[in-house]
Amino acid sequence: MKNITLLEAGLILRIVLGITMLSAAADRFGLWGAPGTNGVVWGNWENFVAYTQTLNPFANTATAEILGGIATFFEILLSLLLLFGFKTRIAALGTSFLMLLFALAMAISVSIKAPFDYSVLTSAAAALLLANIGKTSFAVDNRI
């Protein structure tokens, strides 16, 4: 049996992290189904903004909308960069930073257990690992 290389491991990390964040963003726009559907966390933007307010209790609804919009923008941007393997190190470091911010907000506002339940710290660690792998298979970075 052939051992997996760092190039292949990096590709797997890029795909998994990218799809994970895109899936969360898709949920906010109801692409996985309506609120209350099995497996759907938010199901619409309003529910996501309410959750954003939970994580940021200082924020009124308008501020939560802005924070949620910023988080969603970066999740989608970083996901696409990771999936295409473009500026992978920067995208991976950004992903790790974003996940650590989510983990901190969850730990302070919900419970210390919440970031562990949702594997946010695992994603942050995976992104840090990816940032230090270097080249990965099937990446735009390899072409430029």
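In these exercises, a residue is called buried when its relative accessible area is under 20%, exposed when it is over 50%, and partly exposed in between. Keep that in mind as you work through this predicted model.

**Exercise 1. Placing Ala62**

Task: Find the helix that holds Ala62, and decide whether Ala62 is buried, exposed or partly exposed.

Solution: 
- Step 1. Ala62 belongs to helix α3.
- Step 2. Its relative accessible area is 49%, so Ala62 is partly exposed.
- Step 3. Now look across the model to Ile19: the two C-alpha atoms are 28 Å apart in space, and the residues are 43 residues apart in sequence.

**Exercise 2. A nonpolar patch**

Task: Which residues make the nonpolar surface patch of about 470 Å²?

Solution: 
- Step 1. The patch is formed by Ile66, Ile70, Phe73, Phe74 and Leu77.
- Step 2. Pick out Phe73, which sits in helix α3, spanning residues 61-84.
- Step 3. A residue needs over 30% relative accessible area to join a patch. Phe73 has 49% relative accessibility, so Phe73 counts as partly exposed.

**Exercise 3. Charged pairs**

Task: How many salt bridges are counted, and which residues form them?

Solution: 
- Step 1. Start with the general idea: side chains of opposite charge can pair when their charged atoms come close.
- Step 2. The cut-off is a side-chain nitrogen of Lys or Arg within 4 Å of a carboxyl oxygen of Asp or Glu. By this rule there are 2 salt bridges.
- Step 3. One of them joins Arg28 and Glu75, with an N to O distance of 2.5 Å. Arg28 is in helix α1 (residues 6-28) and Glu75 is in helix α3, so this pair ties together parts that are 47 residues apart in sequence.
- Step 4. Check how covered the partners are. Arg28 is buried, at 3% relative accessible area, and Glu75 is buried with a value of 3%.
- Step 5. Lys113 and Asp117 also form a salt bridge, their closest N and O atoms being 2.8 Å apart. Asp117, at 47% relative accessibility, counts as partly exposed.

**Exercise 4. Positive phi**

Task: Where do Lys87 and Phe138 lie, and what are their phi values?

Solution: 
- Step 1. Recall that most residues other than glycine have a negative phi.
- Step 2. Lys87 has a positive phi, near 55 degrees. Lys87 is in the loop between α3 and α4 (88-109), and with 43% relative accessibility it counts as partly exposed.
- Step 3. Phe138 has a positive phi near 50 degrees. Phe138 is located in the segment after α6, and its relative accessible area of 72% makes it exposed.

**Exercise 5. Ser137**

Task: Is Ser137 buried or exposed, and which residues does it contact beyond its neighbours within four places in sequence?

Solution: 
- Step 1. Find Ser137 in the segment after α6 (120-133).
- Step 2. Ser137 has 14% relative accessibility, so it counts as buried.
- Step 3. With those sequence neighbours left aside, Ser137 touches Leu7, Glu8, Leu11, Arg14 and Asn142.

Definitions and conventions. Residues numbered from 1 in each chain as written. Predicted model: local features only at pLDDT ≥ 70, side-chain atom pairs only at ≥ 80, totals over all residues. Heavy atoms only, no water. Patch = residues over 30% accessible without salt bridge, like charges linked within 9 Å, V, L, I, M, F, W, Y side chains within 5 Å. Areas by Shrake-Rupley, 256 points an atom, 1.4 Å probe, with all protein chains shown as cover. Helix = DSSP H or I, 4+ residues; strand = E, 2+ residues; numbered from the N terminus. Buried < 20%, exposed > 50% of the residue type's maximum accessible area, 1.4 Å probe, protein only. Contact = heavy atoms within 4.5 Å.
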